[in-house]
Amino acid sequence: MALTYRCLIIDDESPAHKALISHISKFDELEHSGSAFNGMEAIKLLNENQYDIIFLDINMPVISGVELMELQPKRPITIVTTAYSDFALSAYQNDAIDYLMKPISFDKFSKAIEKAKTYHSGNNLKKENNDDEKALSYRSNGQVIETPLSDILYIESLGNYMKLYNCKLKSPIVIYGSLASISAEIDCAHFLQVHRSFIVNTTKISAVTTKNLTMSNGDTIPVGRKYQILLNNLPLR
């Protein structure tokens, strides 16, 4: 059976949706599986459904395309579709695989889809190879140490360093690096960035408010304003 790629269109303009749906319909392996007309709708759909490719506009009210990418670093393959050339660098820095300028020709759309399919194949192979690798590796005192992701409570940024809080240790471990770099290492659905300085293990959260989280060890973690929308799918207590 041929692989089907579920596609989500995120754009605040109806004509853009119609144009992309038309392009999608010309590919047997593509399926238009959802439409969002603003960033908040998009985040809700992304949290509730599985998609393989998203077509993302940049200039949208409330939450821009760039902000959405920053809020959803572990999102599906992203193809930016926009009338503005100014945000290409930001898009690629947030791992967009292509940047299509409107109006989008079928030829450019087709090339972007080929990139998406190639990326998808490589990413699936990487996931298969890493199925058993559920640990974070870091260097401490000249040695490489692995900590199971399930033991991590949260990670706090300290400039060029981070504090790694482990539920089995009394004191945090200080390691070199940034939250941006470590996000790729903890590519797991249970980890969520809730502040520019904090990534938390959502399975270790004991209480949630709009302004902070309480972890299972009693520590309180602040929630940044732009990250508050991500808490909608966490149970408030």
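Reading a pocket, its cysteines and the fold

Modeller: M40, V62, I63, E67, L71, R225, K226 and I229 line the second largest pocket. This is a predicted model, in which local features need pLDDT of at least 70, side-chain atom pairs count only at pLDDT 80 or more, and totals for chains, interfaces and linings use all residues. Residues are numbered from 1 along each chain as its sequence is written, and side-chain values use heavy atoms, without hydrogens and water.

Colleague: How much space lies in the second largest pocket?

Modeller: Rolling a probe the size of a water molecule over the atoms shows where empty space is left. On a 1 Å grid over the protein atoms alone, a pocket is an open set of points where a 1.4 Å probe fits, with protein on both sides within 12 Å along at least five of seven lines; lining residues have an atom within 4 Å of a point. A volume is the space filled by probe spheres set on the points, which are joined across faces, edges and corners. Here the second largest pocket holds about 190 Å³.

Colleague: How many disulfides does a search of the whole structure find?

Modeller: A disulfide is a pair of cysteine sulfur atoms within 2.5 Å. The search finds zero.

Colleague: Is C7 buried or exposed?

Modeller: Buried means under 20% relative accessible area, exposed over 50%, and partly exposed in between (1.4 Å probe, protein chains only). C7 is buried because its relative accessibility is 0%. C167 has 38% relative accessible area, so C167 is partly exposed. Of the 237 residues in the protein, 44% are buried.
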